[in-house]
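I opened a new notebook page for this structure. I wanted to look up its pockets first, then its sheet.

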Amino acid sequence: MQDLRSFFETVHFIESPDAGNYHPLQWGGNIVCATSKSFDWEEADIIIVGCGEWRGADPKAGYSNSPDQIRAELYKMYHWHTGIKIADAGNIRQGATLGDTRAALQEVLHEIHSAGKIALVLGGSHDLTLQQYEVFKRAEEMAVASVADMLIDLDEVDEINSGSFLMDMLTGTPNFMSHYSHIAFQSYYAHPRMLETLDKLRFDFYRLGKVKEQIEDMEPVLRTSNLFSFDMSVVRYSDAPANVNGSPNGLNGEEACQLTRYAGMSGVLTSMGIYGYDHTYDVNGMTAKLISQMIWYFVDGCLVRKTEAKLTERDEFNVFNITFTDNDTVFLKSKRTNRWWMKLPDQSFVPCSYNDYLVASNDQIPERWLREQERLL
């Protein structure tokens, strides 16, 4: 990997007055600085990258040190996951222009991706998600993306910003978006035409009520995702008081942690970004505490992914042969992680949930089955 130190601020959080003296079992005593001269990239599984760029949401916004407020809470937490090595590269320098900052973040994420590591981005405004996608575009690799956001950022404007970046990501050319899922949008804030656009593209979208009713159905969605972007607006205001532009409705803290754990469990996910946190509005640091807990569960999920068996190791799975509406298929349940897969007519297996198995057992067609079949046409 190239030397990335020039892209980062010279002072790392661990060297600041806000950093404490950490117990050897706390994360602050285990996370290493990824931009030190002696650091070996091969030692890390996850690399944290802060980027306090907000000009994608407000052209007049200053650079934020909100990622360090998250670190202040994260480093206090106890490190239960000794099988996962975490490095912290610090914060991306503010560029002279918004484009300069984006280019720096993209270069860093590209290097992390090329090294086969997982990038954890602490934003910044939500448009920085585009830099997660640009990594795949640059490598000419197809990507499956999932976004958790109460809004669907498909505004048609000239400049790419936090309200329009999805338009470029989903419809720009050349395009390397294999599939896209939008998680926990709130219908009263979503233009019906936006949903029609997503549906025509054979993309999936899950309204807030559906997600809260059966959040376990989001695990198969995130299991196939290469990148996951989480906008803090998707969490209700009472659980994330920094969300001054959020909503009284939304995911609760436990559900937010569940989603990030699912993302960590994905064997193909290479980056996750958490965006939309501004510490200046954070009452008693509650939102920073929630984000640090979301990261803890993400790492917990990464530990689970290391234990999953391959589908070819059939002794590691319970096999269920099901017939529904004249379709003969097979469901597999992992003995290690309790995760499910179902077989499609083309003989491929796709991730599914226990609910899909129950639907098929009642001689009904699971919606996930139908959507997968539509994408094959």
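I started with the largest pocket, which holds about 600 Å³ of space. I listed the 28 residues that line the largest pocket; the closest to its centre are Trp54, Ala57, Asp231, Asn245 and Gly276. I sorted the lining of the largest pocket by class and got 10 nonpolar, 13 polar and 5 charged residues. I kept in mind that this is a predicted model.

Next I took the second largest pocket, with about 400 Å³ of space. Its lining has 18 residues, and Tyr206, Lys210, Glu367, Arg368 and Arg371 are the closest to its centre. Which elements each supply at least two residues of this lining? I found strand S7 (204–207), helix H10 (354–361) and helix H11 (367–376). By class, I noted 10 charged, 5 nonpolar and 3 polar residues in the lining of the second largest pocket.

**Sheet**

I then traced the strands. The open sheet is formed by 9 strands, paired in parallel, in the order S1-S3-S2-S4-S9-S8-S5-S6-S7.

I looked at one pair in detail. Strand S8 (residues 227–231) runs parallel to strand S9 (residues 271–275), and 5 bridges join them. Leu227 stands opposite Ser271 in S9.

**Helices across the sheet**

I checked two helices against S8. Helix H3 (residues 129–139) runs at about 175° to S8. H3 lies across strand S5 (143–148), strand S6 (177–185), S8 and S9. Helix H8 (residues 253–265) lies across S6, S8 and S9, at about 165° to S8.

Key. Residues numbered from 1 in each chain as written. Predicted model: local features only at pLDDT ≥ 70, side-chain atom pairs only at ≥ 80, totals over all residues. Heavy atoms only, no water. 1 Å grid on protein atoms, 1.4 Å probe; cavity = no way out; pocket = protein on both sides within 12 Å on 5 of 7 lines; lining within 4 Å. Points joined across faces, edges and corners; volume = space filled by probe spheres on them. Nonpolar A, V, L, I, M, F, W, Y, C, P; charged D, E, K, R; others polar. Helix = DSSP H or I, 4+ residues; strand = E, 2+ residues; numbered from the N terminus. Pairing = 2+ DSSP bridges. Contact = heavy atoms within 4.5 Å. Axes fitted to C-alpha atoms, helices over the stretch in contact; angles between N-to-C directions.
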